[in-house]
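Subject: Structure handover

Hello,

Here is the structure I promised to pass on. Please open it first, then read the notes below.

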Amino acid sequence: PVPPVPSGPWYGEYFNNSNLSGGPSYTANVEHVSFNWGFGGPGNGLSGSAFSGRWTRQEWLQGGTYRFYATSDDGVRVFVDEQLVIDGWKIQAATTYYGEKALSDGYHTIRVEYFQGGGEALLYFYYNRY
């Protein structure tokens with residue numbers, strides 16, 4: 001069998017508002033969805049408050065049950081194949097969430113959404129099969 005093509009980086013979209021509305025202010029590919037902005041923003045003219053981001057990736061995963069983890073200050077949502085697996089979409093101090101999903105062998109689309117309402121800003125996301 002032909003091995004799957006490596007997934008490549010995450011496609012990041014950054015918005016100058018806290019609700020992912022309108023077109024992104026800028027886009028950037030990132031290797032990991034792992035950010036600690038502190039009291040600053042993600043750059044490119046976006047402030048440290050009232051911004052949002054969306055990171056999307058298609059990845060080939062071996063079949064099994066996966067656990068998805070997200071730690072965020074403020075809101076976070078995680079979708080796998082358009083199904084919500086984590087919903088922490090609210091103003092909050094750094095909080096860790098997880099959700100599980102059974103997946104078949106093949107490509108799956110993972111999307112992480114984030115908003116910053118004020119104060120410190122951070123987002124860490126990862127997943128594993130168990």
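Helices (H or I, at least four residues) and strands (E, at least two) are DSSP runs, numbered from the N terminus. On that basis, the protein chain has 0 helices and 10 strands. Read from the N terminus, the order of elements is β-β-β-β-β-β-β-β-β-β.

Two notes on the source. This is a predicted model, where local features need pLDDT of at least 70 and side-chain atom pairs count only at pLDDT 80 or more, while totals for chains, interfaces and linings use all residues. Residues are numbered from 1 along each chain as its sequence is written, and side-chain values use heavy atoms, with hydrogens and water left out.

**Overall form**

The C-alpha atoms fill a box of roughly 50 × 25 × 20 Å along the principal axes. The radius of gyration is taken over C-alpha atoms, and the globule rule is 2.2 Å times the number of residues to the power 0.38. For 130 residues, a compact globule would come out near 14 Å; the protein chain has 15 Å, which agrees.

Buried means under 20% relative accessible area, exposed over 50%, and partly exposed in between (1.4 Å probe, protein chains only). Buried residues make up 45% of the 130 residues. Accessible areas come from the Shrake-Rupley method with a 1.4 Å probe; for residues, only the protein chains shown count as cover. The chain exposes about 6600 Å², and carbon and sulfur atoms supply 50% of that.

A contact means heavy atoms within 4.5 Å. Of the contacts with a separation of 6 or more, 69% are between residues 24 or more positions apart.

**Strand S9**

Start with S9, residues 106-116. Of its 11 residues, 9 are buried. Two strands pair if DSSP finds at least two bridges between them. S4 (residues 51-61) pairs with S9 in the antiparallel sense, over 11 bridges. There, Gln58 stands opposite Thr109. S6 (residues 75-80) also runs antiparallel to S9, joined by 6 bridges. In that pairing, Arg77 faces Glu113.

**Salt bridges**

A salt bridge is a side-chain nitrogen of Lys or Arg within 4 Å of a carboxyl oxygen of Asp or Glu. The count comes to 7.

Arg111 and Glu82 form one of them, at 3.1 Å from N to O. This pair links distant parts of the chain: Arg111 sits in S9, Glu82 in the loop between S6 and S7 (83-88), 29 residues apart. Arg111 is buried at 15% relative accessible area. Glu82 is exposed at 57%. Salt bridges with shared partners join Glu13, Arg54, Arg77, Glu82, Arg111 and Glu113 into one network.

Arg67 and Glu100 meet at 2.3 Å, N to O. Arg67 lies in S5 (residues 64-73) and Glu100 in S8 (residues 95-103), so the pair ties together parts that are 33 residues apart in sequence. Arg67 is partly exposed at 22%. Glu100 is partly exposed too, at 40%.

Glu59 and Arg57 also form a salt bridge, with their closest N and O atoms 3.6 Å apart. Both residues are buried.

**A nonpolar patch**

Patches are made of residues with over 30% relative accessible area and no salt bridge; like charges are joined within 9 Å, and nonpolar side chains (Val, Leu, Ile, Met, Phe, Trp, Tyr) within 5 Å. Which residues make the nonpolar surface patch of about 300 Å²? They are Val5, Trp60 and Tyr107. Trp60 belongs to S4. At 32% relative accessibility, Trp60 counts as partly exposed.

Best regards
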